[in-house]
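Good morning, colleagues, and thank you for the time.

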Amino acid sequence: MMNRKETHESENFLSDNLPESILWRIRRSESKNFWYVEIIDSSMQTNADILHPCSTHEDVMTASKDALDKWKKNEKPRYSDYEDARFQIDVRDEVVGFGKIKTKLA
């Protein structure tokens, strides 16, 4: 199982930089050699071939910063770009949270 000390800084970073309506997810590969960070924004259109902003990296903080940058730029990667990584993710080993930035209702 994932050591929460490894992800604590990234959890805080994502929560502090995303609106409270946005879900983030940190997962580790089964081989423990990379992290997969995904930002799930229900306002972004996705389909079977287009994913929510995500990133993989050996360092969890780097993956978190990259995923956040993609979300800010409204970049949605193709499934084929992350297909190999998605099959290596241990879905039982994840941390999930929401952003903390309050948003005003129109």
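A salt bridge, as the term is used here, is a side-chain nitrogen of Lys or Arg within 4 Å of a carboxyl oxygen of Asp or Glu. Please keep in mind that this is a predicted model. By that criterion, the side chains of Glu 94 and Arg 27 form a salt bridge, with 2.6 Å from N to O. This pair links distant parts of the chain, for Glu 94 belongs to strand β4 and Arg 27 to strand β1, 67 residues apart. Arg 27 counts as buried, at 13% relative accessibility, while Glu 94 counts as partly exposed, at 32%.

How many salt bridges does the structure hold? There are 10. Among them is the one between Asp 16 and Lys 100, at 3.9 Å from N to O. Asp 16 lies in helix α1, residues 4-17, and Lys 100 in the segment after β4, so this pair ties together parts that are 84 residues apart in sequence. Asp 16 itself is partly exposed, with a relative accessibility of 44%.

A further salt bridge joins the side chains of Lys 102 and Glu 20, at 3.4 Å from N to O. Here Lys 102 lies in the segment after β4 and Glu 20 in the loop between α1 and β1, so the pair ties together parts that are 82 residues apart in sequence. Lys 102 is exposed, with a relative accessible area of 66%, and Glu 20 is partly exposed, at 33%.

Let us now turn to the sheet. In what order do the 4 strands lie? They form an open sheet in the order β3-β2-β1-β4, with antiparallel pairing. The edge strands are β3, residues 54-57, and β4, residues 89-98, each of which pairs on one side only. From one strand to the next, the twist averages 20°. Helix α3, residues 79-88, packs on this sheet and touches β1, β2, β3 and β4, its direction making about 105° with that of β4.

Strand β1, residues 23-29, is joined to β4 by 6 bridges, and β1 also pairs with β2 over 6 bridges. Ile 26 shows both pairings: this residue stands opposite Val 95 in β4 and opposite Val 37 in β2. On the side of β3, strand β2 pairs over 4 bridges, with Trp 35 having His 57 as its bridge partner. Strand β2 is mostly covered, as 5 of its 6 residues are buried.

I close with two polar residues. Ser 64, in helix α2, residues 60-72, is buried, with a relative accessible area of 0%. The side chain of Ser 64 makes a polar contact of 3.2 Å with that of Ser 10. Beyond four places in sequence, Ser 64 touches Ser 10, Phe 13, Leu 14 and Val 37.

Asp 41 is buried yet has no salt bridge, and Lys 76, the nearest side chain of opposite charge, is 9.2 Å away. The side chain of Asp 41 does make a polar contact of 2.7 Å with the side chain of Ser 43.

Methods: Residues numbered from 1 in each chain as written. Predicted model: local features only at pLDDT ≥ 70, side-chain atom pairs only at ≥ 80, totals over all residues. Heavy atoms only, no water. Pairing = 2+ DSSP bridges. Axes fitted to C-alpha atoms, helices over the stretch in contact; angles between N-to-C directions. Contact = heavy atoms within 4.5 Å. Buried < 20%, exposed > 50% of the residue type's maximum accessible area, 1.4 Å probe, protein only. Lys, Arg positive; Asp, Glu negative; His and termini not counted. Polar contact = N/O pair within 3.5 Å; in protein donor to acceptor, adjacent residues only side chain to side chain.
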